[in-house]
There are 2 protein chains.
Amino acid sequence: MTLVPADLDAYLTANDDRIRGELFDFLRIPSVSARSEHDADTVRAAEWTARSLGAAGLTATVHPTAGHPVVVGEWRGAPPGAQTVLVYGHYDVQPAEPLELWTSPAFEPTVRDGRLYARGSVDDKGQLFLHIKALEAHLKVRGTLPVNVIVLAEGEEEVGSEHLASFIEQHVDLLRCDAVVISDSAMFAPGLPSVLSSLRGLAYFQIDVQGPAQDLHSGSYGGAVVNPAMALARILATLHDDDGRIAIPGFYDAVDEWPAAVREQMRSLPFDDEHFRAEAGSPALGGERGYTVLERLWTRPTCEVNGLLSGYTGEGAKTVLPARAMAKVSCRLVPDQDPTEIEGLMKAHLARVSPSGVTTTVTHLHGGRPWRAELKGPLFEAARRALAAAFGREPVITGEGGSIPVVGDFGRILGAPVLLVGFGLPGENAHAPDEWMSMENFTTGMRAIATLWDELAAH
Amino acid sequence: MTLVPADLDAYLTANDDRIRGELFDFLRIPSVSARSEHDADTVRAAEWTARSLGAAGLTATVHPTAGHPVVVGEWRGAPPGAQTVLVYGHYDVQPAEPLELWTSPAFEPTVRDGRLYARGSVDDKGQLFLHIKALEAHLKVRGTLPVNVIVLAEGEEEVGSEHLASFIEQHVDLLRCDAVVISDSAMFAPGLPSVLSSLRGLAYFQIDVQGPAQDLHSGSYGGAVVNPAMALARILATLHDDDGRIAIPGFYDAVDEWPAAVREQMRSLPFDDEHFRAEAGSPALGGERGYTVLERLWTRPTCEVNGLLSGYTGEGAKTVLPARAMAKVSCRLVPDQDPTEIEGLMKAHLARVSPSGVTTTVTHLHGGRPWRAELKGPLFEAARRALAAAFGREPVITGEGGSIPVVGDFGRILGAPVLLVGFGLPGENAHAPDEWMSMENFTTGMRAIATLWDELAAH
C-alpha cells in the first residue's frame, strides 16, 4: 500500500506554523476580481503568488493580460523522459459582501473548530497554495521533482476567465504538458477523497414571443388576438413529458450512458435525499423518472426556465393583453451533447410548436461543452493511490452539475487529460459569507498532492 | 314612421352656434381627475355642469364626495304616472399626455374634417352635453318634458368611479328611477346607430408558484429540484384546450347562450377581420374555434395571461433556478358567469394541476359581474324608434368586450334597466392623443335623445 513519503511529510509537519502563516498572508489580500477598486489588490495577489512560487524553487513570471495578470511558475529539471504536469488555480476571490453576515472579517483569516474562515480560503487560494507547498516540500527536501511542473494561476476565474483561453492559445509552447491537475472543487463528504468524473455543459437560450404590435386592452381584444404570454407558457410546457424527460425530438441522441460501474458507485455514495431537499427548501424533490437525485444532477441533461417576463408584473390588477413575452431557458448538457447541435434541435422544436398568431424567436446566448474525465490511465491511477495514502481510503468518483468552461479549454487546446481533485467540503460557503476550508483537508490535501508526483513518476 | 319632432329640431338648429360654443367652453376645462394639480379644474367642471343643467331648466346640486363632486340635476314636473329616467355621464377626462402627439392643443377644441378634436370630446363631455341640450330643447320649446329626469354626472369615471356606488346607495330615494340611459360608448360604424347589448365581467387572479426557499444555482440543483417557472408554464398550459376553449372544469356551466337572432344580427355587421388584425398588429388572429371575431370579443369568456415574472429577466445569461414564479391571469366573463364562482373553479383546477415540488397559491385580485341588456321592453323599443328617426336607419345591436362596473351598480342598486346608447366612433382615440368626436354624431345624437323622451312617454 502506498504511503505519504516520510521525508515530505516530515518537512510539511516541521514547517506547519510557517505555512499556515503564509497562507493567512495570502488570504489577507482582498483580490476581488469583480471590483475595479480592488485592481491593485489583485495585482498584489498575483505578485504574492509569483514570489511564493519563487520561494518554493520555481521560476515565476507575472504575465499582464487585457484583464488581471496570469502567473506562470515553471520547474523543468526532471529526468529525461519525465512527464510534464500543469497545475491550474486562481488567486482572485469573490466579493465579500454582504460584510455584516461574516462572523469574523472576510479578509482576516480566523480558525474556529478546525475551519479556516476567510474569503478565498477554499475558493481557491487555499487549494492553490497547498499545491505550491507540496512542490516546495519536494524541492526543499530533495532538491528535485520527479516531474516537470508548470503552475498556472489566473486572476479572473470569478469573473468568467475572459482572457484565459486566449492566453493558453498564445502560450501553447510554454504550457504544453502531459496532464493537468486542478484543485478547485469539493470532496463528497468529510474523510471521503473525491475525484470529479464530469461537468455538465450548457446551452442557454432566450425565447421571445411577439404577439400584437403593442400592448392591447384585454377587454377590447381578448379572445380574438393570440396572447403571447399564454403562447409562451404552452410552448414551454412542450419541453418536458409527464415523466420529466425532455421532449425535444433528438435531445437524447448524443447522450452517452454512464458506465454501469460508475453508476453503481454513485448509487453507493452516502447521500440523504431529505437533507438535500431541506437544504434547497423545496416542498418535494422532482426530476426525471428512473434516476436517483445524484444521477439527475451529475449524469442527466436538464432544460430549465431561468427567467420569465411579460406584461404587467406590478401590484394589483392591470387588464393588459401583452405585446410580447420572454423566457430565459437553459439546458445543462452531458457527454457527448454539443451546444450547437442542441441549439438546432431547440430551434426546430420551437418552430414546430409555436402557435400561429405569434412570432417566436430563439437566441442562443451562451454555450459550453460538457466534460467527462478519463477514469483510467496513469494520472487517474496515481491520484487514486496518492489520495488513499493521505486520506486512508480510496477516493470516490463524484460528478458536478455545474459547468467549468476552462476545463474543456485545457483539454481542447493542450490535448492533455485533466484531473479534478478538490479538497473543499459541502457547505463551505464558497460564494457566500463565512467561506471556510477544513484545516485538516488543507494539510491532508497538501500531502496527497506531494505524494501524487511521486506516484505519477513511479508508474 | 317616427320622425324627430319638428319643434325640437328647429330649436336645436336655431341654437346650433350657441350650443357649439358652450360645448367648446366645457371642453376647455382641463378636468383631469387623475391629477391632483387639476383638482380645481375638476371642481370647476362640476360647477359648469350644474350651471348648464340649471340653464336648461333643471334644478342642479353639486354634491361633495370624498373624491371629486357628483352633480345631480332634477326635473320632476312630468304628468302623473309618467316615468322617471336617469341619465348618467361624467365630466372628468383622461390625462392629455403625451401632449406633443396632439395635432392641436388638447384643451383648445378644434374642428377639422367634421371632427371635433379635444380631450373629453367623446369621452364623455360631448355625450353628456348632448343629453343636457336635448333636455333644454324640450323645456325651452314646450316648457315641459314627458318624463321626469334625473341627470347624474360624476367626476371619477376615469379613475375607477371609486365613490359612485356608495353615493348611489346613500341617495337611493333621490335617484329612484324606471330607466337609466348612458351615452359613453361608440357606434359600430359611421351612420350605424348602435345599442350595446352586453359587457363582459372580470375575474382577475394572481398565481404564485413557490419552489425552493431561495434562488438556486441551476447547475448544482437543476434536474432534481422542481423549477417553479416551468411548473407555472405547465399550469398555464392547462387553462385551454387545443381548440382555444377554456379547460377549467365547469367554466362554461353558467354561460347563457346568446339568442340566435342576436348572433345572427352580429354576424351580419360589416366587420373586416383583416382590418382588425392589422389594427392589433398581430401576425394572425386566434381564439375559440367555432365563433367569429365579434362573437369571441362580445359573447365568449376568455382566460388571459396579463403578466409573467420569474427569475432573471435582464440582459444575457444567468444560470438561476428561480425560487418563485408569478402570473397575472384574468378571465373576461359573460352572462351569467359569476366572478366568485369562477374563483372557486379556478382555485379547484389549479389545486388539481399544480405539480408536487412547488406550492401554488391563487389570489383573487378583482372581480366584476358581466351585464346583458334587456333587448326588449318600452325603453329599448323607444330607443330603437328614436335612433331610427334621427339616423334614418334601425340601430344595430353591438357588444363590448370590456367591463363598465358602474352599469352593474345601477341595475343592482336602483333595480332599473340600463340602456347604453353611444355616439362615439371606432378610432376616436378616447384615451389617446387627438381624441375626437364626430360633429355629425353630436348633432344627430342630440336629436335622437330629444326624440327618445317623446317615444318613451308615447308608448
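Student: What should I know about numbering and confidence before I read the residue names?

Tutor: Residues are numbered from 1 along each chain as its sequence is written, while chains are lettered from A and ligands numbered from 1 in the order in which they are written. Because this is a predicted model, local features need pLDDT of at least 70 and side-chain atom pairs count only at pLDDT 80 or more, whereas totals for chains, interfaces and linings use all residues.

Student: How many residues of chain A are in contact with chain B, and how many of chain B with chain A?

Tutor: Two residues are in contact if their C-beta atoms, placed from the backbone, lie within 7 Å. By that criterion the chains meet through 68 residues of chain A and, in chain B, 68 residues.

Student: Which element gives the largest share of the side of chain A that touches chain B?

Tutor: Helices (H or I, at least four residues) and strands (E, at least two) are DSSP runs, numbered from the N terminus. The elements that give two or more residues to this side include helix H8 (228–237), strand S14 (324–333) and strand S15 (359–368) of chain A. The largest share, eight residues, comes from S12(A).

Student: What is the make-up by class of the side of chain A that touches chain B?

Tutor: Ala, Val, Leu, Ile, Met, Phe, Trp, Tyr, Cys and Pro count as nonpolar, Asp, Glu, Lys and Arg as charged, and the others, Gly among them, as polar. On that basis this side of chain A has 30 nonpolar, 29 polar and nine charged residues.

Student: Which residue is the bridge partner of A:Leu309 in S11(B)?

Tutor: Two strands pair if DSSP finds at least two bridges between them. S12(A) and strand S11 (residues 304–311) of chain B are joined by five bridges and run antiparallel. Within S11(B), the partner of A:Leu309 is B:Leu309.

Student: Through what do the copies meet?

Tutor: Of the interface residues of chain A, 100% are also interface residues in chain B, so the copies meet through the same surface.

Student: What is the orientation of H13(A) to H15(A)?

Tutor: Helix H13 (residues 378–391) of chain A and H15(A) pack at an angle of about 140°, with their axes 8 Å apart. Angles under 35 degrees count as roughly parallel, over 145 as roughly antiparallel, 65 to 115 as roughly perpendicular and the rest as oblique. H13(A) is therefore, relative to H15(A), oblique.

Student: Is the crossing of H13(A) and H15(A) left-handed or right-handed?

Tutor: A crossing is left-handed if the near helix is turned anticlockwise from the far one by less than a right angle, and right-handed if clockwise. The contact is made by residues including A:Leu379 and A:Phe391 of H13(A) and A:Leu452 of H15(A), and by class it has twelve nonpolar, two polar and three charged residues. The crossing of H13(A) with H15(A) is right-handed.

Student: Which strands are the edge strands of the six-stranded open sheet of chain B?

Tutor: The order in this sheet is S1-S2-S6-S3-S7-S17 (chain B), with mixed pairing. Inside the sheet, strand S3 (residues 84–90) and strand S7 (residues 179–182) of chain B run parallel, joined by four bridges. The strands that pair on one side only are strand S1 (59–63) and strand S17 (418–420) of chain B.

Conventions. Axes fitted to C-alpha atoms, helices over the stretch in contact; angles between N-to-C directions.
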